[in-house]
Structures are given as structure tokens and as C-alpha cells.
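Me: Could you walk me through this one slowly, as a set of questions and answers?

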Protein chains: 4
Amino acid sequence: MNTYGNIFRLTEFGESHGPALGGVIDGMPSGIEIDLDRIQHQLDRRRPGQSTIVTARDEKDRVEILSGVFEGKTTGTPIGFIVKNSDQHSSDYENLRDVCRPSHADYTYSQKYGIRDHRGGGRSSARATLSRVVGGALAMEALRTQGIRIYAYTSSVGSINLPDDFEEVLGDPAVIDTNPVRCPATDVAAAMEAYIREVKGKGDTVGGVVTCVITGLPVGLGQPVFDKLNARLAAAMMSINAAKGFEVGMGFKGCTNLGSVMNDQWVVDSDGRVSTSTNNSGGIQGGISNGMPVVFRVAFKPVATVLRQTDGVTSGGEPVSVMPRGRHDPCVLPRAVPVVEAMAAMTVLDAMLLDRAVRW
Amino acid sequence: MNTYGNIFRLTEFGESHGPALGGVIDGMPSGIEIDLDRIQHQLDRRRPGQSTIVTARDEKDRVEILSGVFEGKTTGTPIGFIVKNSDQHSSDYENLRDVCRPSHADYTYSQKYGIRDHRGGGRSSARATLSRVVGGALAMEALRTQGIRIYAYTSSVGSINLPDDFEEVLGDPAVIDTNPVRCPATDVAAAMEAYIREVKGKGDTVGGVVTCVITGLPVGLGQPVFDKLNARLAAAMMSINAAKGFEVGMGFKGCTNLGSVMNDQWVVDSDGRVSTSTNNSGGIQGGISNGMPVVFRVAFKPVATVLRQTDGVTSGGEPVSVMPRGRHDPCVLPRAVPVVEAMAAMTVLDAMLLDRAVRW
Amino acid sequence: MNTYGNIFRLTEFGESHGPALGGVIDGMPSGIEIDLDRIQHQLDRRRPGQSTIVTARDEKDRVEILSGVFEGKTTGTPIGFIVKNSDQHSSDYENLRDVCRPSHADYTYSQKYGIRDHRGGGRSSARATLSRVVGGALAMEALRTQGIRIYAYTSSVGSINLPDDFEEVLGDPAVIDTNPVRCPATDVAAAMEAYIREVKGKGDTVGGVVTCVITGLPVGLGQPVFDKLNARLAAAMMSINAAKGFEVGMGFKGCTNLGSVMNDQWVVDSDGRVSTSTNNSGGIQGGISNGMPVVFRVAFKPVATVLRQTDGVTSGGEPVSVMPRGRHDPCVLPRAVPVVEAMAAMTVLDAMLLDRAVRW
Amino acid sequence: MNTYGNIFRLTEFGESHGPALGGVIDGMPSGIEIDLDRIQHQLDRRRPGQSTIVTARDEKDRVEILSGVFEGKTTGTPIGFIVKNSDQHSSDYENLRDVCRPSHADYTYSQKYGIRDHRGGGRSSARATLSRVVGGALAMEALRTQGIRIYAYTSSVGSINLPDDFEEVLGDPAVIDTNPVRCPATDVAAAMEAYIREVKGKGDTVGGVVTCVITGLPVGLGQPVFDKLNARLAAAMMSINAAKGFEVGMGFKGCTNLGSVMNDQWVVDSDGRVSTSTNNSGGIQGGISNGMPVVFRVAFKPVATVLRQTDGVTSGGEPVSVMPRGRHDPCVLPRAVPVVEAMAAMTVLDAMLLDRAVRW
């Protein structure tokens with residue numbers, strides 16, 4: 001169950017303090033030129049130590065491709081890859097060997113498996129998302145050839161938000177990476193960054209929302225019943241560490257409104273192009289893409305590691321007081337952005353390949 | 001892709017105006033006593049024509065079990081079932097043979113498949129959810145033997161909401177079905193019902209939110225990476241017709257808060273029972289159930305069929321004006337409640353069976 | 001686990017003495033014209049009571065299609081179907097309620113599930129293969145549009161065999177159905193038929209081999225590692241009741257020979273068509289079709305029900321003597337022929353759809 | 001499609017001349033002690049260069065485990081592993097860059113993917129089976145705790161065979177590895193070895209049969225319809241490079257016989273143990289293990305690389321003459337033995353885990 005996807009599939013492995021993390025990409029179409037710099041760039045965007053508002057763990061996170069690429073092109077065979085761990089401080093966690101922290105996965109892992117690598121969160125560490133970033137970056141190499149683009153950005157931190165309709169006026173996506181928060185409105189980004197520093201200064205953490213926009217999708221992606229494109233995206237996003245909510249298009253707020261207001265009227269322009277006057281459907285109708293941009297939002301909870309005394313429990317069920325150590329993010333949002341993009345890219349490519357399968 | 005689940009699996013078929021809908025349940029444990037009345041009861045809760053605030057289509061929706069049950073008990077072999085259609089008014093839809101309505105699946109189906117049963121929404125009709133209700137009711141027969149209970153209810157209609165903390169004080173779930181809205185607070189229910197009638201009177205529609213609470217779950221359900229229990233629930237819920245948002249535990253609102261506030265502290269009572277002081281995690285940590293109630297919310301959009309002239313498009317891409325006919329729900333929430341319960345039941349049973357698979 | 005296939009998928013249900021058997025076909029391409037007579041014809045070839053060398057149970061085996069076909073064409077949505085049972089003699093089996101016969105599935109089912117529908121073999125009855133025949137016949141409707149043809153025939157009954165190289169000289173496949181054995185050489189068929197009658201007269205049963213030839217396949221079908229076309233065909237065939245062996249191309253006999261003799265040399269004709277001088281590979285190299293006919297053989301054991309006193313065991317593990325009753329086939333081969341074709345058709349169509357999925 | 005299994009799953013990657021091969025084991029039960037020497041031992045049995053009757057390529061084939069094992073025990077999380085390539089002679093293959101050899105996968109890969117790593121067979125090299133051996137060895141670590149044992153051995157090389165009933169009298173399995181052919185009868189082994197040397201001396205190759213015996217299985221493994229234990233084993237074995245045939249129990253020969261002769265009569269001994277008087281069913285009835293040893297045979301074709309001039313074809317479809325170079329096996333059987341064991345072990349463990357999933 002460490003595999004994501006139906007045709008394009010990522011199977012991943014690795015613990016925070018083991019020798020390496022990595023995975024296997026299956027179902028990658030053949031003949032796609034691979035730009036390793038672009039793949040490494042996405043890893044760098046997820047990398048710890050990239051700015052002063054993320055964890056200080058310093059990992060190079062260099063990806064090594066072991067198969068499936070021959071003379072710069074994919075061959076249709078599986079792509080194995082690894083990323084070595086280097087800057088582990090395993091001793092920071094010795095006090096947690098048998099202790100389960102609040103709102104972490106320590107207790108549930110211990111109960112499910114009866115054994116657990118406690119170092120740095122072990123398997124439940126968000127460090128494992130780096131394999132998703134590699135998978136997503138490879139998927140993007142294929143999607144790029146079809147004119148599909150995917151942008152995610154931080155739209156809320158605490159109660160600091162972009163305006164509701166920002167996604168419609170999103171100008172140059174290049175702005176997203178001009179600030180460490182990855183928010184495309186410079187002034188809002190500055191407020192978010194200041195707030196994260198304030199929270200960090202108190203040893204606390206804060207959550208927020210990442211918005212993702214996918215453009216250039218053909219009409220017809222998604223399977224109409226259980227594997228609706230929105231259902232697949234929801235599962236993809238809710239599988240990311242710390243995700244607590246997902247909404248597409250009109251989302252929760254639009255659902256309080258009337259049908260007469262929220263329906264997206266069809267528009268045919270003078271060149272015969274079909275679109276909708278509004279995009280409350282978020283680019284998906286009946287589970288299938290309708291050619292409009294796909295827009296969704298993912299809520300991430302505040303990081304569970306707060307630097308203060310908390311009430312834990314041992315694996316055996318005894319109460320225990322815990323004082324966290326280690327290096328942690330005050331806010332997961334900036335580093336979640338490339339992970340959201342990666343999961344979106346894999347989901348879209350998988351849907352494209354599935355769609356081809358039944359076109360006669 | 002008309003199959004849901006890994007071990008416990010529902011494969012379903014059927015169109016709104018075809019001879020019958022139905023499905024196959026695979027992976028049902030053997031030796032479970034089946035109470036057909038309880039299964040029919042869940043179908044009756046989803047049935048059209050059950051009250052004056054839902055569609056007037058009058059279907060008996062009687063389920064016929066064709067296999068897999070022998071002398072009142074499951075045998076571990078697949079359970080085939082059908083539900084015959086009877087009260088179709090196919091002629092109501094003849095004007096839609098080649099017309100795609102706003103915010104419906106007409107256009108995306110036409111483009112994906114090149115052909116479409118246009119009668120009553122065809123395959124994209126919410127009528128297809130009745131097979132899910134049968135699957136969920138069968139799953140509940142197994143879960144019941146383990147002390148697991150699942151309740152869903154309408155928590156918002158338009159801007160009329162239950163209080164935020166209602167799920168914690170939810171008293172007698174039997175109240176849910178004492179009103180046609182399926183809202184467990186009688187006064188709020190009355191306001192919702194009045195509002196739905198008002199909207200219906202204008203030929204309009206309205207959306208809202210269904211909340212679901214699952215109690216009695218053991219610790220350990222859910223696979224920790226891509227198949228997190230919350231990810232599976234998200235996919236299950238977002239696959240229901242008209243769903244636009246999903247959140248678990250603290251959800252979107254809690255994600256604006258601080259870690260120090262939202263962390264669920266561990267509590268060990270004098271009998272050694274482990275729980276948490278709050279349930280912002282919604283019963284799931286690291287993708288695995290922690291023994292607390294699982295709580296999630298699903299946002300449903302207003303029904304797309306509004307009884308007024310709208311801008312459609314033909315399958316061929318020509319603009320066309322559409323005036324809907326047929327019998328429709330002004331608000332999907334009351335009938336969505338048993339569907340949410342059904343998807344939750346199938347998801348939980350599947351997670352239980354998967355969990356057993358790797359217990360050595 | 002009652003589902004076969006990845007993209008084109010049959011999920012089936014039903015017991016020998018229940019109200020109906022049936023299934024759901026998922027992944028059927030849209031826009032395929034369906035000739036119901038051809039589908040019924042394949043069912044008729046599998047039907048009991050069709051000749052005096054098969055079981056006397058008299059079933060009409062009429063297929064009812066419940067969804068997925070609109071105005072004579074497939075819509076890409078799942079095709080539900082049922083076949084009602086009518087001529088059951090359940091009382092013939094009352095003495096077997098708690099008795100497990102030799103070389104039947106009675107004991108293993110009882111031990112696995114703790115409960116079993118004992119009537120007519122219940123779920124383990126070869127009657128369940130009729131759903132496969134429906135699935136295969138639907139797959140053939142799609143394959144036919146691509147010029148692909150599939151023929152199976154009886155090549156051995158007991159020690160009466162067609163010559164080894166018969167598959168290469170197979171003339172008019174229409175001969176296959178001119179005799180009740182379904183052997184394409186009239187004289188050999190006569191000998192087989194006489195032998196089956198002789199065996200039947202003694203209350204005994206006999207096994208044999210079915211050969212299958214698939215022509216018109218494009219180069220490139222099959223996934224090269226675990227889902228090799230030959231591996232998929234092997235699983236498909238070995239999943240048929242009573243199958244005990246599978247071989248492709250040179251098979252067991254060719255494996256005793258030298259590489260220099262068995263290698264298939266490449267030949268390019270004057271029109272640039274690529275083929276091989278021999279077909280010891282059976283049309284598959286590296287798990288992928290090479291454009292030559294795919295040829296394989298399936299061995300079926302003698303039917304386990306022999307009309308004489310045998311040593312059984314109760315579900316509880318007590319020894320018991322069993323004297324079988326009921327109506328049974330003396331030789332499964334004639335009725336296995338359409339089942340082999342059906343499994344081959346579903347396997348090939350699934351491989352074609354999967355192949356499309358990764359063509360960029 | 002480079003994944004094998006449902007619950008216990010191997011996903012593997014790697015080419016013959018790339019930097020490394022490897023894979024990910026998912027679904028491994030937690031808490032199993034892992035003996036790395038036993039795993040390496042199985043790899044050594046598959047290793048090239050182990051004797052003078054196998055290829056001279058000299059690879060150390062050291063496995064590196066990267067995750068999923070903590071302080072010597074499995075944690076239930078995925079086990080990533082790699083095996084580095086070292087002794088490649090890539091230049092031996094430069095003449096094959098655009099040439100497709102007879103009875104190899106060169107042509108079918110080229111046509112399917114449009115691109116191919118031609119060095120040493122690339123992805124289609126039997127070298128990729130080493131990942132299966134790692135997966136199988138890990139599965140054996142779990143099966144061992146349940147008293148299950150798996151032995152494979154060479155039973156035929158060319159026309160030199162073990163006696164038909166040898167599997168029933170198989171004495172000390174330790175004899176299997178006392179000769180380079182891996183045949184448990186010393187005299188037959190000597191004849192086989194002499195024959196392989198003779199064939200090798202002529203630059204030719206020869207095929208044969210591997211027999212596999214699994215003891216200690218509980219009653220009840222296998223899903224009764226499409227995922228019969230025999231069907232899963234057939235797919236597993238036919239997915240091994242060069243496999244052309246599979247038979248279980250009575251196999252092809254037994255299928256020519258009468259039911260009255262081949263039926264396995266039930267026997268209950270004085271201690272109440274249930275078994276059968278013969279084992280023509282090969283330990284499987286109705287697709288489910290019956291507690292008797294599971295016995296099957298796999299036919300392997302002669303290696304396609306024969307050291308003489310042959311008729312090839314270019315990727316573009318032009319005729320070309322090929323004279324093979326490189327280091328090759330004259331007979332694949334000795335090195336196939338551990339691969340057969342590995343696929344059997346993974347299949348059995350997966351069936352055990354699936355069986356647990358539906359025991360209520």
C-alpha cells in the first residue's frame with residue numbers, strides 16, 4: 001500500500017534516519033526526454049534548510065536515477081531512484097524510543113505494527129514526501145509535452161489569506177518562488193513570513209492552506225464513478241502528511257449558495273471554443289475534466305511538534321510527559337507546495353494514461 | 001473503474017432509465033447473518049419520493065440478492081444484487097438527447113465516450129448511488145458484529161448550521177430520522193426544512209454539509225502512506241455525486257490555528273484506557289485510527305438542475321438554450337446522508353480486512 | 001477476487017443452484033456495436049444439454065443485459081448482466097450437505113469459509129464459467145473490429161490426439177463445430193466421441209487438451225515482466241475449473257530440444273513484412289506479442305464425479321463413503337472450448353487496452 | 001506492471017548494464033527477524049559465475065537493504081533494496097544497438113516502446129530475476145515461522161529426466177545443492193551435467209524442467225475463482241524469463257487418464273488427520289490448498305543465444321545476419337531453481353495474507 005496510481009505508479013520506501021529513501025516509477029511513457037536539473041530543482045524546493053522559516057536539518061537531497069532512462073530518454077521500463085540521508089541526528093530521538101507524542105503517528109504506528117523506528121518520525125516523517133516530489137517531477141516531464149502546467153502556492157497561513165478570487169487573477173507564477181513562503185502576492189507573503197517568525201519565536205507552529213491550479217488539461221480526464229478526477233485528487237492530497245481538508249472549485253463556501261448562482265453557464269466563443277462563464281465546478285463535472293482550469297485547495301494542520309512540555313503516552317499505554325527535541329518546521333506550508341504539485345502531476349498523468357486505455 | 005475497495009469491493013452498474021441497477025460485493029466475510037430488512041431500510045432512506053422536500057420520482061427500490069447468501073448467512077462468495085427501475089419518464093429527456101446542461105456531466109461524458117444515454121442523466125444520475133447503499137448496508141452487517149456504529153446527518157443547509165461542536169454533544173442518533181432533513185437538532189431541522197421549501201418554491205436549489213461520526217473503531221485501521229484512512233475516506237466521499245469538499249477533524253478552520261492549541265494531548269484513565277483530551281485529529285493520526293471517534297464533513301453543491309432557462313451547449317459544441325424538465329431534488333442533503341454512511345461503512349470494513357492481512 | 005483483468009474487467013457472481021448468475025463488465029470501449037445473437041451463440045456452445053456427450057441438465061442460459069448498451073452500442077459504462085437458473089435438482093445434493101467428495105472443492109471451501117452452498121457444487125460449479133463466456137463474447141465484439149480472431153478446439157481426449165503440427169495446418173475453423181467434441185479433424189473427432197461414450201457407459205470420466213490459436217494480433221501486446229502475455233494467459237487458463245496444465249508455443253516437448261533447433265529465425269518478405277520461419281515462441285517473445293499467431297494448450301483433468309462408491313470426508317473431518325448422484329459431464333472438453341476462447345478474448349482485449357495506456 | 005502480488009508485493013526495476021537493480025517489498029508482516037545471510041545465500045545460488053556450466057559474467061550480487069528493517073526485524077514498512085552491477089561488458093553489445101536477435105525480446109521491445117537499452121538484453125535480461133530472489137528470500141523468512149518449506153530442483157535437462165514419481169520419494173533436499181545442476185539424484189545429475197558441457201562445447205543451448213514442492217501449507221490458501229492458487233502459481237512461473245509451460249499435480253500426462261484412476265480418495269488417519277491417498281491434485285482443489293504438498297513443474301526453453309550465425313532483423317524491419325557475442329548460459333535450469341523458489345514463496349505468502357484478510 002506504498003504505491004500510488006493505476007498506470008503511472010510510484011512505489012516508495014524509506015525512513016527519516018535510514019540509509020536512503022527512494023522509489024520506483026512504473027508506467028512512465030517511453031521516449032520522454034528527462035531534464036535532471038528540473039527534477040532536482042523540485043527536490044530543492046522541498047529540501048529542509050532552504051530558508052530560515054523551515055527546519056534547520058541540512059540535507060543535500062540529491063536524486064540518483066538507477067534505471068529506466070537510456071541516453072537521456074525514458075524507455076518505458078521502471079525508473080528506480082534513491083536519495084541518501086546524511087544529516088541525521090538520531091540521538092535527538094533516543095528519549096522517544098518508547099514514547100508517543102501528541103498528534104503524531106507514534107502511537108498508531110506502535111499499535112498497528114508492534115514495532116517502530118522511532119528516529120525522526122521513522123516512516124511517518126514528512127521526509128518521505130521527497131519520493132513523491134521525484135515522482136511528480138518525472139510526471140511533469142511527460143505533461144509538459146502536452147502543454148499542461150501545474151502551480152501550487154500558499155494561500156493562507158493562520159488567518160492571513162489571499163483574496164478569495166485570487167486564483168482567477170494569478171499573474172506570473174514566477175512570483176511564487178520569490179519569497180520563502182511561496183505566496184504569489186508579495187505583500188501578503190511578507191505578512192505571512194512575519195507571522196511564521198513570530199510563531200516560531202514562541203516555539204509554536206501554525207497551519208494554513210495551499211491552492212493548486214492546473215491549466216491546459218484536455219476535456220475527458222477522470223473516471224466517472226469511484227475514480228472521479230476530484231476523488232483521485234482528494235485522496236492524493238489527503239495522503240500528504242498533515243493534510244486535514246480538501247475542496248475543489250466552489251468548495252465548502254460555494255455549497256452554502258443557490259444553484260442558480262453557482263451553475264457554470266456554457267459559453268461558445270466566436271472560434272467555437274467551449275468554456276464556462278464561471279468556474280465554480282473547478283474544472284471538473286461528473287468527475288471528468290471539462291477543459292477549464294482545475295482548482296483545488298488543501299488545508300494543512302499546524303506541525304505537531306511544539307517546543308513545550310506535553311502529555312504523551314508510552315507504547316505500552318502509560319502516561320508520560322514529553323519535551324520535544326530535534327529540528328522542526330514552524331509551518332509546513334512552504335515545503336508542502338512542491339509536494340502538492342507532485343501529487344497533482346502524478347494524478348493527472350495517471351488519469352491521462354487511463355483515459356487513453358479506453359479510447360477505441 | 002466502477003469498483004470501490006481493495007478487499008471488500010463493490011462493483012456497480014446501471015443507468016437511471018435502464019432496466020435495472022445493481023452490483024457485486026466481493027470480499028464479504030463468511031458467516032455473517034444478513035438482515036434484509038435493515039438493508040432495505042437504508043435503501044428506503046435514499047429512495048426518491050420519501051418526503052415532499054425530495055424528488056417526486058416514485059421508485060420502490062427493492063433489492064434482490066442473487067448469490068453469496070445461503071440460508072441467511074454470507075458464504076464468502078460474491079453477492080450479486082439488482083434493483084429494478086420502474087417509474088422512468090424517459091420522454092421528459094428527449095429534448096436533452098444532444099444537449100448538455102450547465103454544471104451537469106452531460107458535456108464531459110459526451111466528449112469522453114462519444115456516446116451517452118441522455119435519459120435522466122444516464123450513468124451520471126445520482127440514482128446510481130443506490131448500489132453504494134446496498135454495499136454499505138452489507139458492510140454494516142459485518143461492522144455491527146464488532147461494535148462499530150456509523151451516523152451521518154445534515155449539519156448545514158445554505159447558511160443554516162448546527163453549532164460547531166455539535167458532533168461532540170450528539171445525543172440520541174435516533175433523532176436524525178425524525179425529520180425529513182435528517183438533522184439531529186429539531187429546531188435547526190425545522191429552519192432547514194422551511195428554507196428548502198422556500199428555495200424549491202422558486203425553482204431553485206441549495207447545497208450544504210453532511211457530518212459523519214464513526215464510533216467503536218479499534219486502533220490501527222488505515223495504511224500509513226497513500227492509503228491513509230483519511231485519504232480513503234476523502235476519495236470515498238468526493239466520489240459521491242455533487243460532493244465538492246471534505247475535511248476531517250479540525251478541518252479547514254482548525255488549520256488556521258496554532259499547534260499548541262490544536263494538539264490532542266494523550267490521556268490515560270484510571271482503568272488504563274488511552275484516549276485524547278480533544279479530538280482535533282478526528283480520530284486519525286498518521287493515517288491510522290487512534291481509537292477516538294472518526295469525524296468528517298462533506299460539502300455538497302446545490303443540485304445543478306434549476307427550473308429556469310440556462311445556457312447549454314450541444315454535444316457538437318454549438319450554443320443552445322436549455323429549459324430543464326423532469327423531477328428533481330431541491331436539495332440533495334437528506335438523501336445524501338445514507339450514501340455518506342454507506343461509503344464510510346465500506347471504507348472502514350475494507351480497512352479492517354486489509355489490517356488483518358498484515359497482522360502476523 | 002472474483003474480478004478478472006486490469007482495464008477490461010469481468011466481476012462475476014453466482015452459484016449453481018441460486019436464482020441467477022451474472023456479472024459486470026467494466027472497461028468496455030465505447031461505441032462498439034453489440035450483436036446479442038453472437039453472445040448468446042457462445043453461451044449456447046457452453047450450455048449443458050447441447051448433445052448426448054455432455055450433462056443432461058437442461059438450461060436455456062439466456063443472457064439479459066441490464067446496462068452499458070444504449071441503442072445497440074456500448075457507452076463505455078459498465079455492462080451488468082444476469083443469466084437465470086431454472087433446471088436445478090437441488091434435492092440430488094441433499095446427501096452432500098455435509099459430505100466432501102474426492103477431488104472436488106467441497107473440503108477446501110468448507111475449511112476456508114466455514115460454510116458452503118453444497119447444492120450442485122455451489123460456487124465451485126463449472127456453471128459459473130457462463131459469466132466468463134458472456135465477458136469473452138463481449139470482448140470479441142471489440143476485437144473483431146481489429147481483425148483479431150480466436151479459435152479453440154479439442155486436440156486430445158484421453159490418448160486420442162490431433163497430430164502435433166495440426167495447429168499450423170488448421171484449415172476451416174468452421175469444422176470445429178460440426179461435431180459434438182469440437183475437434184477440427186472429422187475422423188479424430190469421431191474416435192474421440194466414441195471413446196467418450198464408452199467412458200460414459202462405464203460411469204467414468206476422461207480428460208484431455210484444448211488448443212487455442214489467436215490470429216491478427218498486433219506486435220507489442222503484453223507487459224514485459226510480471227504481466228507477460230503468456231503469464232496472463234496462463235493465469236486465465238489455469239483459473240478455469242479442472243485445468244491442470246498450460247503451455248505456449250514449443251511447450252514442454254520443445255524444452256527438451258536444442259536452442260539451435262528451436263530458435264525462430266526472422267524473415268522479412270519482399271513487401272517488408274516481418275515474421276519468423278518457425279513459431280516455437282508461440283507468438284510471444286519477452287512476454288510481448290511478435291505478430292505471429294499466439295498458440296497455447298490447456299490440459300483439463302477428468303471430471304471428478306465418477307458414478308461409483310468413493311472415499312469422502314465430512315466437513316468435520318470424519319471418513320464417509322459417497323455415492324454421487326446428479327447429472328454430470330463424462331468429459332469437460334467440448335464445453336471447455338468456448339470458455340478457453342472467452343478467457344483468451346478477455347486477456348487479449350485487456351492487453352490491448354493496457355498497451356494503449358502507455359503509448360505516448 | 002512491474003509489481004507482483006496483492007498484499008505482499010514486489011515492485012522491481014533495473015537493467016542488465018545500468019548502475020543497479022533493485023526493488024521495493026511492500027506488505028511484509030512486521031516483527032519478522034531477518035537473516036541477511038540466508039537472503040544473500042539465495043542470491044548466490046542465482047549468481048552468474050558460480051560454476052563452469054553457467055555464464056562467466058562475474059557479479060558479486062550483494063544486496064543492500066535500505067529501509068523497513070529496524071534492529072534486525074521488519075517494521076511493516078516497505079523494504080527498499082538495491083544490487084549494484086559491476087562486471088558489465090557493454091561494448092560486447094554495441095553491434096546489437098539496432099539489431100534484433102532470433103527468439104529474444106529485442107524486436108518486441110523495440111516495437112512496443114520505440115526505444116530500447118540494447119546492452120546485455122537491457123530490461124529483458126534474466127539478470128532482472130535477482131530482485132525476485134530477494135523478494136522470495138524475504139517471503140521465506142516469514143513462511144519459515146509457519147513451518148512452510150519450498151524446494152525446487154532440476155528434473156529434466158534435454159531428454160534426461162528424473163523418474164516420474166521422484167517428487168514423492170524426495171529424500172534429503174540438501175542433496176539438491178551438491179551438484180551444479182541442482183538435481184537431487186546424484187547419478188542423474190552427473191548425466192545432466194555431462195550433457196550440458198557437451199551442448200556448451202558446440203556453442204549450443206538446451207532447456208528442461210524444474211519441479212517445485214511446497215510442504216507445510218495450511219488448508220485454505222488461494223482464492224477460488226480467478227485467483228486460484230494454481231492460477232497464481234502459473235502466472236508467477238510463466239512470468240520467469242524462458243518459461244514455456246506449467247503444470248500442477250497430474251499435469252498434462254494425468255489428463256489423458258480416467259477419473260476413476262486420477263481421483264484422490266480422502267483418508268482420515270487414526271489421529272483424525274485428513275489427507276488424500278494419492279496427490280494427483282497437486283495439493284490444490286478448487287483453487288484452494290488442501291493440506292497436501294503442492295507440486296508443480298515449469299518448462300524452460302533452451303537459451304536463445306546460440307553461438308552461430310543467425311537471421312535477425314533491425315528495429316526498422318530490415319533483414320540482417322547476427323553473430324552473438326557476450327557471455328551466456330548454455331542451460332538456464334541451474335540458475336532458474338532459486339528463481340522458481342522465490343516466485344513460489346512470494347505467491348504463497350501473498351495467498352496467506354489474503355486468506356487472513358477475509359477470516360472473520
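Here are some questions on the chains, followed by a few on single residues.

Me: Before we start, what kind of model is this, and how are things numbered?
Reply: Residues count from 1 along each chain as its sequence is written, while chains get letters from A and ligands get numbers from 1, in the order in which they are written. Local features need pLDDT of at least 70, side-chain atom pairs count only at pLDDT 80 or more, totals for chains, interfaces and linings use all residues, side-chain values use heavy atoms with hydrogens and water left out, and the model is predicted.

Me: How many helices and strands does chain A have?
Reply: Helices (H or I, at least four residues) and strands (E, at least two) are DSSP runs, numbered from the N terminus. Going by that, chain A has nine helices and 19 strands.

Me: Why can chain A be called as compact as a globular protein of its length?
Reply: The radius of gyration is taken over C-alpha atoms, and the globule rule is 2.2 Å times the number of residues to the power 0.38. For 360 residues that rule gives 21 Å, and chain A is as compact as a globular protein of that length because its own radius of gyration is close to that, at 21 Å.

Me: What share of the residues in chain A is buried?
Reply: Buried means under 20% relative accessible area, exposed over 50%, and partly exposed in between (1.4 Å probe, protein chains only). Of the 360 residues in chain A, the buried share is 68%.

Me: What percentage of the contacts in chain A with a separation of 6 or more come from residues 24 or more positions apart?
Reply: A contact means heavy atoms within 4.5 Å. Among the chain A contacts with a separation of 6 or more, residues 24 or more positions apart account for 71%.

Me: Which residue of chain D does C:Arg101 touch?
Reply: C:Arg101 sits in the loop between β8 (99-100) and α2 (106-113) of chain C, and it is buried, with a relative accessible area of 7%. Leaving out residues up to four places away in sequence, its contacts include C:Leu96, C:Asp106 and, from chain D, D:Trp266.

Me: What is the phi of D:Asp61?
Reply: Most residues other than glycine have a negative phi. D:Asp61, in the loop between α1 (36-46) and β4 (63-65) of chain D, is buried at a relative accessible area of 1%. Its phi is positive, near 50 degrees.

Me: Where in chain D is D:Arg182?
Reply: D:Arg182 is not a glycine, yet has a positive phi of about 65 degrees. D:Arg182 is buried, with a relative accessible area of 7%. Its place is the loop between α4 (166-169) and α5 (186-201).
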